[in-house]
Amino acid sequence: MKKSVIFLVLLIAVSILAVFQPSVPTTIVTEGIDTGDTAWMLAAAAMVLLMTPGLAYFYGGMIDTKNIISTMLQSFIAMGVISVLWILVGFSLAFGDDIGGFIGNPSSFFMFKNVLDGKPWSLAPTIPLVLFAFFQLKFAIITPALVTGTFAERIKFKSYLLFLVLFSLVIYAPLAHWTWHPDGFLFKWGVLDFAGGTVVHMSAGFAALAASIYIRSKGETKAHVTPANIPFVLLGTGLLWFGWFGFNAGSAVGANALAASAFATTNTASAAAGLAWILFDAVRGKKPSALGFCIGAVVGLVAITPAAGFVTIPSSLFIGTFAAIISNIVVSLKSKTSLEDTLDVFPCHGVGGAVGMVMTALLANTAVNGANTTGNGLFFGETALFIVHMKALVVVIGYTFVGSMALLKITDLLMGLTVSAEDKKIGQDYSQHGENLYPVDFSSLKEKVI
């Protein structure tokens with residue numbers, strides 16, 4: 001109860017602060033704003049937000065019946081927590097005035113000061129700054145939500161809220177600044193990450209790896225999770241696939257030819273990856289499953305994300321196919337270890353994102369996107385981009401993994417991370433939230449529910 005009071009007091013304090021820091025605009029900038037680009041980006045931002053409910057269905061369908069609500073809520077609650085945090089300081093840390101190439105000045109857009117009346121972002125000159133800020137918010141929401149698949153069924157809800165805040169401030173915001181701010185050091189290196197291979201997927205995937213190591217119970221046999229609702233997974237995949245068009249094509253920040261190209265590569269990679277996953281399963285003697293196609297399709301979406309606006313449409317076929325096969329192999333290898341990554345977040349997002357960054361370094365071509373000043377990929381006979389991406393992979397993996405491990409330790413010390421054995425047996429829907437998908441009688445259980 002005391003910990004709940006802290007969260008409530010913080011929200012009330014931020015809300016009161018908003019009265020004294022209303023960020024009233026002076027003159028709202030309209031010069032150079034294109035209505036077509038603005039209309040597309042409003043739609044794209046809404047599509048990206050829809051991906052988080054899609055993720056909730058995707059994860060919720062793969063988990064045990066007694067944990068569906070809690071797992072889905074972990075995605076939905078991110079929409080609330082990160083939205084408030086983004087207004088307060090998150091946008092400033094990611095896109096505020098540069099401090100040493102590593103982080104934005106927290107006062108630049110504190111409480112969205114200078115946003116409504118600010119000049120358009122330099123790399124999105126035809127849309128209002130506030131629209132750019134909210135488009136980027138949707139990326140900030142889904143990234144920590146992706147991590148939840150690794151500790152589904154095992155983490156305390158209040159502890160997750162704390163980790164959510166810490167991850168957003170310490171991991172996500174710096175990575176976004178490094179990669180997407182013109183003064184970020186990865187941006188200056190010439191790293192190409194069109195829509196979040198490093199910022200979103202590798203950060204979530206390697207945070208998941210850290211969590212799977214930190215939370216694993218060496219004395220407990222790893223249990224197989226039977227998917228509770230495959231139609232939920234299918235629905236979630238459809239919502240994710242649809243929303244990903246806003247994710248990738250929207251990252252062109254305009255209604256233009258580049259957006260159309262990214263739209264096409266996104267669909268092509270996902271289709272190829274879904275097919276590759278179930279065909280690879282069939283070759284290994286497994287039945288082609290709905291779950292397999294869905295996981296493969298999402299891996300294809302993950303892998304094409306950094307490359308979407310830099311590679312040709314045929315290249316996206318190659319990316320989707322081989323990303324799915326590689327992730328499928330890693331899933332198989334992981335299952336033979338003691339790692340507790342419940343929904344395979346690391347193999348799908350960590351490995352998938354890393355594969356996407358490597359593929360970008362192999363297949364990018366300057367003819368697709370003139371903003372690529374680093375050069376063509378290795379397959380076109382140039383080495384500069386490949387070398388830069390290999391360096392960036394080491395930096396991002398190291399920072400994300402070590403940083404996430406530290407945040408998990410801090411959260412564990414402050415609030416404890418995992419639920420009790422009794423709560424785990426009953427399920428988090430009831431033990432954490434007092435809700436159930438179906439009516440359940442717990443009177444037969446001897447364990448006391450705390």
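Visitor: Why is helix H10 described as largely enclosed by the rest of the structure?

Guide: Twelve of the 15 residues of H10 are buried, so the helix is largely enclosed by the rest of the structure. Buried means under 20% relative accessible area, exposed over 50%, and partly exposed in between, with a 1.4 Å probe and protein chains only. Among the buried residues of H10 are Gly292, Cys294, Val298 and Ile304. This is a predicted model, in which local features need pLDDT of at least 70 and side-chain atom pairs count only at pLDDT 80 or more, while totals for chains, interfaces and linings use all residues. Residues are numbered from 1 along each chain as its sequence is written, and side-chain values use heavy atoms, with hydrogens and water left out.

Visitor: Which helices do the buried residues of H10 pack against?

Guide: They pack against helices H2, H7, H8, H9, H11 and H12. Contact here means heavy atoms within 4.5 Å. Helices (H or I, at least four residues) and strands (E, at least two) are DSSP runs, numbered from the N terminus.

Visitor: How do you know that the span of H10 agrees with its number of residues?

Guide: The expected span of a helix is 1.5 Å times one less than its number of residues. For the 15 residues of H10 (residues 290-304) this should be 21 Å, and the end C-alpha atoms are 21 Å apart, which agrees.

Visitor: What makes the pair Asp344 and Lys334 a salt bridge?

Guide: A salt bridge is a side-chain nitrogen of Lys or Arg within 4 Å of a carboxyl oxygen of Asp or Glu. The closest N and O atoms of Asp344 and Lys334 are 2.5 Å apart, and the pair forms a salt bridge. Asp344 lies in the loop between H11 and H12 and Lys334 in helix H11, ten residues apart. A search of the whole structure finds one salt bridge.

Visitor: Why do Asp344 and Lys334 count as buried?

Guide: Asp344 has 16% relative accessibility and therefore counts as buried. Lys334, at 11%, also counts as buried.

Visitor: Why is Ser108 called buried?

Guide: Ser108 has a relative accessible area of 8%, so it is buried. Ser108 lies in the loop between strand E2 and helix H4. Among the residues that Ser108 touches, not counting residues up to four places away in sequence, are Ser92, Gly96 and Lys113.

Visitor: Which residues touch the most other members of the largest nonpolar core?

Guide: A nonpolar core is a set of buried Ala, Val, Leu, Ile, Met, Phe, Trp, Tyr and Cys residues joined through side-chain atoms within 4.5 Å. Of the 131 residues in the largest one, Phe58, Trp86, Phe91, Phe139, Tyr172 and Phe247 touch the most other members. H4 gives the most to this core, with 14 residues.
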